[in-house]
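Hello,

Below is the structure I said I would pass on. My notes on it follow.

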Amino acid sequence: MNLTLRIWRQRSPEDAGVMTTYEVSGISEDMSFLEMLDHLNEELILAGDEPVAFDHDCREGICGACGMVINGRAHGPERTTTCQLHMRHFSDGDTIDIEPWRAAAFPVVKDLVVDRSAFDRVIGAGGYVSVPTGSAPEAHAAPVPKPVADLAFEHAECIGCGACVAACPNGSAMLFTSAKVVHLNVLPQGAPERESRVLDMVGAMDDQGFGGCTNTGECATACPKGIPLQSIATMNREYLRATLKGAGRRR
Amino acid sequence: MSEYSHYAVGEPLVDTASPEGPIAERWDRRRFTAKLVNPANRRKLTVIVVGTGLAGGAAGATLAEQGYRVTQFCYQDSPRRAHSIAAQGGINAAKNYRNDGDSIHRLFYDTVKGGDFRARESNVHRLAQVSVEIIDQCVAQGVPFAREYGGLLDTRSFGGVQVSRTFYARGQTGQQLLLGAYQALSRQIAAGNVEMHARTEMLDLIVVDGRARGIVARDLITGRISTHFADAVVLASGGYGNVFHLSTNAKNSNATAIWRAHRRGAHFANPCFTQIHPTCVPRSGDHQSKLTLMSESLRNDGRIWVPKAKGDTRAPGDIPESERDYYLERIYPSFGNLVPRDIASRAAKNVCDEGRGVGPGGQGVYLDFADAIARMGRAAVETKYGNLFEMYERITAENPYEVPMRIYPAIHYTMGGLWVDYDLQTTVPGLFAIGEANFSDHGANRLGASALMQGLADGYFVLPSTINDYLARHPHDEVPPDHPAVVEATREVTDRLRRLLAGDGDRTPDSFHRELGDLLWDECGMARTDSGLRKALDRIPALREEFWRRIKVPGTGEELNQSLEKANRIVDYLELAELMCLDALHRTESCGGHFREESQTADGEAARDDEAFSYVAAWEFTGTGSPPVLHKEELRFEYVHPTQRSYA
């Protein structure tokens, strides 16, 4: 198929950036979206132009590196990561708009590449269990009821791609943060740091410049891993609980 | 014939630092004889860790917890994205929670045997010992392993072993274990104990007075070349499967860190030991950029077949039973579709070579669930394999409930890597290699669910103990930034990048990578022959020459330039590929993942030659394209005695 691509080109963080139009032809419907961009880039290189920069790595939907806004939707028309989106979901003659994640906390680095290191700092604020190597008790010392383990897993599936932030009109990271808070707070292993974790992570989230949550639910709709919207409500309860207990932040 | 194949044989590698005595006591002995570093002195010592996968993430976090200063690097934008994250199946541990006869000794035995008797016994036994501590550690970190209704951990049997020792978190075990290590690492980064450099790629090793003292790295965003110094350097940069272009590795996984270390004196061991996974989604065309693995568990219920006739292009549903060849069931009646990975892979290649392959390009075989659906009902199949069927349909747009899946083997893991001793130290003092980057524990073939075990064993428990000994014995002076070794390494890096950017040729980096990958897949892939390997050894130097003559890399070095990153990695693949082919040529036996067509039993099994090849082949670099020197480490089997595998 033949397509018209309108792609955000921005040389550097300081550059203003502009949508640039490219025509591509000979696109197979079996190509992934990223393979379609590979194809464009090969042509650009041979024509002496700069290829389009984009983040990608595992190309099987688990590393969370890829992510672009396709026709106004984070990761495009299917509920999956960009690398798992295939060209059969488009038609010959389509015009496709491709933009980077746009959020105050994710500055553009180049073209479609953004800086998501704010996520790492939110995790660093409390998204862990403090258990130095070697100090762990026997694995069966604390049984975990299966429904609790399954709930933790469901939230631990987050791949940190940032689609939730990109989809949110406020650029909020509530879904990302709550996924980790719920994963660890429901487990007995996470209980000792339950209060400080939620307070520190929410604090860090605010410090990193993510917006507030107004319950639009766009985040959960865009999430390729199906982190449930309820996760945010659970985190709010954890936050309230910690505050009422008079717990303090550690950081 | 290529000059390169006239290699010399050097001194054998005799000192493996492995303790003597009963095998079960060796790890205790080593930990006792290893010198310790006073806690107050640890904060004066710096360790560089390259990579943040299971091995690197675990090592960085643990060394920082112990009080060392850690400087860590990853090319990804976050340490959470290292390719360990994509491992699906599970992690082995000799917990014997099932009371099914498992033990540390049995895991040790299975691993040595599974590796086709080409691994070092002492190391493998230690791996089995440490495996039980890994599960404790990960559970305490909050890794959400699958559990039973009683709240205890669930396990399953994996890869044909008879005990149930594989712990798992649905099909995302690697992801969950990696996030555990990443979170531990994040805690140390936030505490200021780890200086983390994301989007920074190691491009060379700095060796001063014969010891590893630092690295040269490139900031992938600004292009700035920087030098970093330490008292020891740990490489946890993963395997080299991407030398094949198409593999199940992440697109940016690469061999540059280990290859540059090899060029600086670290011997490279058993490079021809690569593992091929039989159940991957076949390529759909020339645009294919990577291959996706489908869990091996599918072979428990799916039946593998191809048409009996060559060039049969009918739809699978139109081919009657009598005209189908269920070749694994036919050739291996007792194991059928469950033969080991290497056998299933080679059989698929053979039927496709005969012209009986299916799908685009004839590079695929059917994996058919029609019988399973008839037997168990569609709902039961859906419960068991639903997510895999969905993944397959997303990629191929074919519904495996109605049309048989198509599968084909793909490169998945590399058992070879930098040679290390019992302490995981390379032949360059002060340079350590852990995880898939080293060669150590899997011999010629890795068992399912053992990669995660080895990565975490090395990172959490082995390296943090053994590196103490080196650091205690070698307090270092500071390296002056203008030391000739530093200046030279930096100059080599910048010269190479400049040379890549200066070329104004007519071929893209990807086009060379694809050509090299196809060559290796044909001649050094599932089945290898003397003539094919010699052909590859003739072709590779020519391809290298052509690369420098025709390469075109747009842009500059002072910005994010993904074409430059790629091209720079291909330079190393073009050298590593040559060593792989030479190693495969010199090892005229078949063993594990290395199959030489000249060395097979009457029923097509790999025939080992223990008399001639019961050794680790550790190669010493002597210059690009110039013959390397082979150093042999003889393998002694005191506990597990070599036997021939049989699956007929």
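Chain B of this predicted model is divided into three parts: domain 1 (19-274 + 413-473), domain 2 (277-412) and domain 3 (484-617). These bounds come from an automatic or database domain assignment. Between domain 1 of chain B and domain 3 of chain B, the C-alpha centres are 24 Å apart. Their contact involves 38 residues of domain 1 of chain B and 39 residues of domain 3 of chain B, where two residues are in contact if their C-beta atoms, placed from the backbone, lie within 7 Å.

On the side of domain 1 of chain B that touches domain 3 of chain B, at least two residues each come from strand S8 (200-208), strand S10 (225-229), helix H7 (256-263) and strand S12 (268-269) of chain B. S8(B) supplies the largest share, six residues. Helices (H or I, at least four residues) and strands (E, at least two) are DSSP runs, numbered from the N terminus. By residue class, this side of domain 1 of chain B has 23 nonpolar, 11 polar and four charged residues. Ala, Val, Leu, Ile, Met, Phe, Trp, Tyr, Cys and Pro count as nonpolar, Asp, Glu, Lys and Arg as charged, and the others, Gly among them, as polar.

S12(B) also belongs to an open sheet of five strands in chain B, ordered S1-S21-S20-S12-S18, with mixed pairing. Strands pair here if DSSP finds at least two bridges between them. At the edges are strand S1 (8-9) and strand S18 (417-418) of chain B, each pairing on one side only. S12(B) is antiparallel to S18(B), with two bridges between them. Ala269(B) has Gly417(B) in S18(B) as its bridge partner.

Now the contact between the chains: 64 residues of chain A and 60 residues of chain B take part. On the side of chain A that touches chain B, two or more residues each come from helix H1 (33-46), strand S6 (108-110), helix H2 (117-124), helix H3 (146-156) and helix H5 (174-185) of chain A. H1(A) gives the most, seven residues. This side of chain A comprises 31 nonpolar, 17 polar and 16 charged residues.

On confidence, the predictor gives the complex an ipTM of 0.98 and a pTM of 0.97.

Residues are numbered from 1 along each chain as its sequence is written, while chains are lettered from A and ligands numbered from 1 in the order in which they are written. Local features need pLDDT of at least 70 and side-chain atom pairs count only at pLDDT 80 or more, whereas totals for chains, interfaces and linings use all residues.

Regards
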